[in-house]
Amino acid sequence: MTRDWKRFLPFLISPLLLLVVWWWATAAGWYSDDVLVSPAAVLATLQELVASGELALHLKTSFLRLLIGFGTGAVTGVLFGIWMAISPRVEAFVLPTFQGLRQVPTIALIPILILLLGVDESFKVIIVVKAAFLTVALAAYDATKGVSRNYFEVARIYHLPKTTLYRKLIIPAITPPVFTGLRIAFSRSWTILVAAELLAADSGIGQMMQLGREMFRLDIVMVGVVITGLVGFSIDKIFKWAEIRLIPWQPAVKA
Amino acid sequence: MQNSFYKWIPDWRGWVLPILVILAWDAMSRLDANHAYAFASLGQIWAGVVELSRSGELLVNVQASVQRALTGLLLGASAGFLIGSLVAVSRTANILITPVYHAIRQVPLLGLVPLFALWFGNGDTSKLIVVSLSAFYPVVLSTFEGMLQVDSKFREVGQVYRLSRWQIYRRITLPAALPQVFTGFSLALAFAWLSTIGSELLFTAGAGLGNLMMNAQEASRMDILIIVTFVIGVLGYLMSLLIKLASAHLFKWRQVG
């Protein structure tokens with residue numbers, strides 16, 4: 001245990017060094033407050049935003065959008081991806097459109113959605129739904145397509161009922177890759193949501209940063225940068241942790 | 001004979017959905033004045049194409065965006081390759097650089113936009129930094145991992161032959177890792193294109209397809225938005241195709257993914 005800790009210690013050198021340089025640069029007054037605020041000032045702003053409940057409110061709004069959008073997109077995406085993979089007819093009709101849509105970055109759809117839906121809630125949720133749905137559907141499609149034909153043949157020979165086929169074969173086989181798809185989709189959803197909130201929103205963590213940008217409040221922007229980074233990091237870690245816990249038949253993923 | 005001929009005709013069923021969507025869209029635009037405003041008819045879209053190409057607006061902005069994406073890709077990928085190599089070869093560099101790299105990488109790229117806007121302004125400098133960063137991240141990772149995965153036996157052979165560290169890197173590690181470096185490079189291209197459009201939407205100054213879109217959105221020009229979105233998709237596809245062809249050509253000697 002202690003040895004692990006000791007091995008880990010050197011990796012703290014450079015972040016600490018960076019912090020010291022940052023603190024020193026502001027303390028020496030090399031830069032004005034519009035360019036670089038001190039770590040202490042950022043911390044103070046963070047405390048202020050936490051105490052006033054402002055940060056919690058923004059985060060709550062963002063999380064709500066993220067969860068609704070991602071939940072809808074992910075569930076429909078998994079189902080649709082599997083459907084597309086097992087039905088040749090659905091595949092022939094839909095896959096080309098999917099491949100075409102994939103070429104357009106989600107963020108490029110933001111202006112069209114704003115024009116169609118306005119800047120209220122629905123636009124931000126729908127852009128997240130789109131980001132999650134497409135990523136997850138393609139992951140589920142690829143995963144199901146990747147299940148070896150031999151398994152299906154054996155299942156057919158044994159006249160395996162459809163439900164057993166899904167429960168015992170398809171679902172266990174595709175869970176690991178689909179889970180990876182979900183993790184990637186979640187981090188994409190988070191990125192696109194922050195971007196959408198920067199562009200047009202009345203609340204949310206992205207809007208908080210945008211407001212900070214407009215008021216030249218570097219401290220608020222930096223709090224936002226740190227918070228969005230922490231959120232992205234935690235989400236990724238939670239998914240990886242769940243992956244190990246929920247999929248015991250999958251060799252542990254690398255941290 | 002017949003079979004090979006039919007192979008070149010794409011399955012007609014794939015066209016049904018897009019055509020239905022287009023027809024439904026066009027029908028929506030003809031419903032009433034309100035819908036005509038939100039949905040652009042096919043005629044309007046075509047008129048928009050003519051207008052944009054006559055004025056040269058499309059060309060100017062395409063040029064600006066593609067140039068930005070490629071410049072950012074070049075800068076970011078070169079820096080990423082250097083840092084990735086350094087981290088793979090030197091333990092000290094690994095200890096010093098890796099934590100900072102992973103910490104910064106956690107921030108959603110476009111989340112850095114407000115910060116860069118305050119530091120570097122609202123125009124081309126900030127856009128280029130965002131695009132370069134987006135290309136930087138995947139190349140660092142793929143270079144590092146590619147070099148780490150090179151069988152240590154190969155390097156041991158180099159040591160037996162008393163090659164210098166540089167020679168081992170140049171003659172053994174680098175060639176063996178190159179295909180994976182290139183995989184990271186093609187990922188970087190996709191990210192660079194995405195972040196080019198994203199940064200142009202968020203930094204309002206200057207030219208670019210994203211800027212053209214923001215102006216069109218403010219003017220409620222759905223026809224222009226649709227055209228530009230289509231162009232963005234096609235350009236992204238062409239660039240990734242180019243990379244794929246280059247990779248197939250460069251790595252003929254080795255099976256890549």
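The model is predicted, so local features need pLDDT of at least 70 and side-chain atom pairs count only at pLDDT 80 or more, while totals for chains, interfaces and linings use all residues. Residues are numbered from 1 along each chain as its sequence is written, and chains are lettered from A and ligands numbered from 1 in the order in which they are written.

**Overall build of chain B**
- Chain B has 12 helices and 0 strands, where helices (H or I, at least four residues) and strands (E, at least two) are DSSP runs numbered from the N terminus.
- Its radius of gyration (over C-alpha atoms) is 23 Å, well over the 18 Å that the globule rule (2.2 Å times the number of residues to the power 0.38) gives for 257 residues, so chain B is more spread out than a compact globule.
- Along the principal axes, the C-alpha atoms of chain B fill a box of roughly 80 × 65 × 30 Å.

**Annotated spans**
- An unreviewed UniProt entry puts "transmembrane region" at residues 73-91, 103-122, 128-148, 172-194 and 224-245 of chain B; such annotations may be inferred rather than shown by experiment.
- Residues 128-148 of chain B are 100% helix, with end C-alpha atoms 30 Å apart.
- Residues 172-194 of chain B are also 100% helix, and their end C-alpha atoms lie 34 Å apart.

**Positive phi**
- Most residues other than glycine have a negative phi.
- Phe216(A), in the loop between helices H10 (205-214) and H11 (218-246) of chain A, has phi near 55 degrees.
- Arg162(B), in the loop between helices H9 (152-160) and H10 (165-202) of chain B, also has phi near 55 degrees.
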